[in-house]
Amino acid sequence: MRCILDGRIIVITSGKGGVGKTTATASIGAALALEGRRVAVVDMDIGLRNLDVVMGLENRIVFNVVDAVKGKCKLKQAAIKDRRIENLYLIPASQSDNKNVLAPEEMERFGEILRKEFDYILMDCPAGIERGFENSVASADEAVVICAPEVSSVRDADRVIGLLYAKSITPKLVINRIIPEMVERGDMLNHIDVVDVLSIELIGLVPMDDQVIVATNTGTPLVLQRKSKAGEAFRRIALRLNGMTDLPIEVPQAEGHFWRKVGAKLGLGK
Amino acid sequence: MKKDQQDNHLIQKSPVRLKGMGDSLCVTLDPALPVDALQKELSILFKRCATLAVNAKVILDTGEKECYEELIESLGSFLKSTFGVGSVSAMLKKKRLPELPDSEEDIRKRDVEDAWRHYRSEVLMLMGRVRSGQKVTAGNHLLILGDVNPGAEVWAGGDILIMGSLRGTAVAGQPENEKAIVLALDFQPTQIQIGGIVGAGLPPSSKKQVEFAHVENDTIVVEAYLDANAFGRLPWLQVR
């Protein structure tokens, strides 16, 4: 039986690699923690550990998720507390194992333990739809599908959405890495076309942002950088996940088109 | 008077009908029914004819599809033994082949109202969205109310009709029915296959109109459905 006070496990997945799952997990997790929630981000990419680097916590890893699931350590030992943001914890992946060391049944049991300790548990799912995906999804209550506005990413996201529905999880969509200038020129898929194909609830549009690379390399949370557009977009996604469902979705706009913006406000043009 | 009406009604509805044709009696019957039911219906009719049936030539018409030689033989021996009819033969098939041009008379004889009464539908009708990686298979026709996404595959023994956008792969008329069609309200497939013919690399059409693919001279041709109106030109309704 699940208690109402128990936390929610949200799996962040995409099918295709390199669309920004890890960045999204780190940013949404940090933003939810800034809202005062107790948040755990779990790196499920066993063997290819990344999330710790993105969050700047790589030098503090002692135990990892495999140890915690197998009972070699306590959850408190494996969960690394972030020093900059209160209530944010990282459960890192193991770098030396492979994905087969965990089984979906074990993850379900581990999920029950996590739910008791945290308000939100974000699972950073590895690319692909094999064992790593199965493990990440096993205990999840909700899913956020990250999709880049590219045909290949849309197709993989579509496949993942089908698999999530098969596991009775209703996914929500985040479109990442939008370059508004290219969309305007017609060189990049419009977010409307993507939503049209995937037809699931959209909870955020994230623009391409150089700050992401800076934040990833330095291990600083993106959402703490006030001028980062992507950080702002992830903050809004976190608010929406945290219950502010009526928060409007901002469409990334190209800069330097003042008159066009005025025109759009007046209802002219497209 | 009332009984007469009832009788008329019975004849209209009954699966076995009798009419004169030249010097013989033509019996139209529904081959889908069991033999004893047909025998019962035939006895009702032939009892009424009484002496007329003796030594008469009887032609049994089992409809347009396959021949039912066994059925005709068994019914024939039944009629000969019970009512003493002269000869029993099957309706000549070549008159019924739709490919041949029918004479005016044949067209009139065709029971336009009833041709599909005993036809059982074999259409798989689904609603929703076929997502990437999913494959939908239908033995005969396939009708989808919804979309087919890129990376998805729809496969059918007969026609494929998509009431939405088709962006995946559609394989119709398997294994070798090249008369099958693929139709979609928004026609943007990755690939089309009809029978053994593959239409890969179809140029994308930007026109928002209902289009369908069919085979013409061993190649797949895509046309605007309403402009071509291929089925609207048929002279009468037919079962597909």
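Student: Which residue of β15(B) stands opposite B:Val215?
Tutor: B:Val215 stands opposite B:Ile220. The model is predicted: local features need pLDDT of at least 70, side-chain atom pairs count only at pLDDT 80 or more, and totals for chains, interfaces and linings use all residues. Residues are numbered from 1 along each chain as its sequence is written, while chains are lettered from A and ligands numbered from 1 in the order in which they are written.

Student: What makes β14 and β15 of chain B a pair?
Tutor: Two strands pair if DSSP finds at least two bridges between them. β14 (residues 211-216) and β15(B) have six bridges, in the antiparallel sense, so they meet the definition. The strands themselves are DSSP runs of E, at least two residues long, and helices are runs of H or I of at least four, all numbered from the N terminus.

Student: Why are β5 and β15 of chain B called edge strands?
Tutor: Six strands of chain B form an open sheet with mixed pairing, in the order β5-β7-β9-β11-β14-β15. Of these, β5 (123-130) and β15 (219-224) each pair on one side only. From one strand to the next the twist averages 20°.

Student: How is the packing of α2 and α3 in chain B described?
Tutor: Two packed helices are described by the angle between their axes and the distance between the axes. For α2 (residues 35-49) and α3 (residues 69-83) of chain B, the angle is about 40° and the axes are 11 Å apart. Axes are lines fitted to C-alpha atoms, for helices over the stretch in contact, and angles run from 0 to 180 degrees between N-to-C directions.

Student: Is the crossing of α2(B) and α3(B) left-handed or right-handed?
Tutor: The crossing is right-handed. That is the name when the near helix is turned clockwise from the far one by less than a right angle; if anticlockwise, the crossing is left-handed.

Student: Which residues of α2(B) and α3(B) meet?
Tutor: In α2(B) they include B:Leu38, B:Leu42 and B:Phe46, and in α3(B) they include B:Leu75, B:Phe78 and B:Leu79. The residues of this contact divide into nine nonpolar, four polar and no charged. Ala, Val, Leu, Ile, Met, Phe, Trp, Tyr, Cys and Pro count as nonpolar, Asp, Glu, Lys and Arg as charged, and the others, Gly among them, as polar.

Student: Why is A:Glu58 called partly exposed?
Tutor: A residue is buried if 20 or more other C-beta atoms lie within 10 Å of its own, exposed if 12 or fewer, and partly exposed in between, with C-beta atoms placed from the backbone. A:Glu58 has 17, so it is partly exposed. The residue lies in the loop between α2 (51-54) and α3 (65-70) of chain A.

Student: Which residues are in contact with A:Glu58, leaving aside its neighbours within four places in sequence?
Tutor: They are A:Asp52 and A:Val53. Contact here requires C-beta atoms, placed from the backbone, within 7 Å.

Student: How do you know that the buried residues of α9(A) share a side?
Tutor: In α9 (residues 191-198) of chain A, A:Val194, A:Val197 and A:Leu198 are buried. They cover an arc of only 90° around the axis, which puts them on the same side. The arc is that of the directions from the helix axis to the C-beta atoms. In general, an α-helix has 3.6 residues a turn, so residues three or four places apart point the same way.

Student: What is found on the face turned away, and what does the buried side pack against?
Tutor: The face turned away carries the exposed residues A:Ile192 and A:Asp196. The buried residues pack against β6 (142-147), α7 and β7 (171-178) of chain A.

Student: What makes β1(A) count as largely enclosed by the rest of the structure?
Tutor: Five of its six residues are buried, so β1(A) is largely enclosed. β1(A) pairs in the parallel sense with β5 (residues 120-124) of chain A over five bridges. A:Arg8 has A:Tyr120 as its bridge partner in β5(A). With β6(A) the pairing is also parallel, over four bridges, and A:Ile10 stands opposite A:Glu142.

Student: How many residues does each chain bring to the contact between chains A and B?
Tutor: Chain A brings seven and chain B eight. On the side of chain A, helix α7 (residues 151-166) gives the most, with five residues.

Conventions:
Contact = placed C-beta atoms within 7 Å.
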